[in-house]
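Thanks for coming. I have one structure to go through, and I will take a single residue as the way in. Please have a look at the chain first.

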Amino acid sequence: MIEYIKGELTELTPALATIETGGVGYGLNISLNTFSAIQGKKEVKLYVYEAIREDAHLLYGFVNKKEREMFLLLITVSGVGANTARMMLSGMSVAELCNAISTGNAKQIQGIKGIGKMTAQRIIVDLRDKIVALGIAEEIPAGGATATPVNNEVKDEAVSALTMLGFAPAPSQKVVVQILQEQPNAPVETVVKLALKQIK
């Protein structure tokens, strides 16, 4: 498994980046977001997803792990293939996509070419909890606006404690983040006690 490729960016188009490392040129399919992020750079590092099929061995490159995580989640949704996922990440940033999913904004997702009403709704239903559980959307509250940053160390410890107590990670994280936004200096024990009263 290839985790990332780092080397000289020898060719770049909005859909493909060629990175040379160790005398080998790797062609990676990229999104417009990644294209914008690496444009004009000589040395780049892209995180990789390998799609191995009978008729092709394709590499997809991502400017950061969050974009790759979002891509991997998208392709788990029925009806969303690698090219559709790449199209979605070209049409919206990871934050915008998370925002649309967490607020149930199917119309915004449908605005991407090739995404119909049913697929948009399926993406929202399938991924809403997962984007929170993975921490991709941890700073996006239910209202959709950008949240106040929270103490990640306390948040992670509290969510971990609640998970060990048998609560699901996604709702636990949501409640913990809300508590820490209201009480930024609360210690882990207080956060856990308050969360136990609030988690449904």
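I start with S172, which counts as buried because its relative accessibility is 0%; buried means under 20% relative accessible area, exposed over 50%, and partly exposed in between, with a 1.4 Å probe and protein chains only. S172 sits in helix α8. Helices here are DSSP runs of H or I with at least four residues, strands are runs of E with at least two, and both are numbered from the N terminus. Setting aside neighbours within four places in sequence, S172 is in contact with V159, L162, F167 and I199, where contact means heavy atoms within 4.5 Å.

Before going further, the ground rules. This is a predicted model, in which local features need pLDDT of at least 70 and side-chain atom pairs count only at pLDDT 80 or more, while totals for chains, interfaces and linings use all residues. Residues are numbered from 1 along each chain as its sequence is written, and side-chain values use heavy atoms, with hydrogens and water left out.

Now the whole protein. There are 9 helices and 5 strands, and along the sequence they follow the pattern β-β-β-α-β-β-α-α-α-α-α-α-α-α. The C-alpha trace spans about 55 × 40 × 30 Å along its principal axes. Of the 200 residues, 39% count as buried. Among contacts with a separation of 6 or more, 51% come from residues 24 or more positions apart.

Back to α8. This helix covers residues 169–182, 14 residues in total, and reaches 20 Å from its first C-alpha to its last, close to the 20 Å expected at 1.5 Å a residue; the expected span is 1.5 Å times one less than the number of residues. Besides S172, the buried residues of α8 include A170, Q173, V175, V176, V177, I179 and L180.

What does α8 meet in α9? V175, V176, Q178, I179 and L180 of α8 meet V191, L194, A195 and Q198 of α9. By class, that contact has 7 nonpolar, 2 polar and no charged residues. Ala, Val, Leu, Ile, Met, Phe, Trp, Tyr, Cys and Pro count as nonpolar, Asp, Glu, Lys and Arg as charged, and the others, Gly among them, as polar.

As for geometry, the axes of α8 and α9 (residues 188–198) come within 9 Å and cross at roughly 125°, which makes α8 oblique to α9. Axes are lines fitted to C-alpha atoms, for helices over the stretch in contact, with angles from 0 to 180 degrees between N-to-C directions. Under 35 degrees is roughly parallel, over 145 roughly antiparallel, 65 to 115 roughly perpendicular, and the rest oblique.

A second pair is α2 (residues 65–74) with α3 (residues 82–91), packed at about 135° with axes 9 Å apart. These two are therefore oblique to each other as well. On the α2 side the contact uses E67, M70, F71 and L74, and on the α3 side A82, A85, R86, M88 and L89. Its residues divide into 7 nonpolar, no polar and 2 charged.

Two glycines to finish. G116 lies in the loop between α5 (106–110) and α6 (117–133), and counts as partly exposed because its relative accessibility is 32%.
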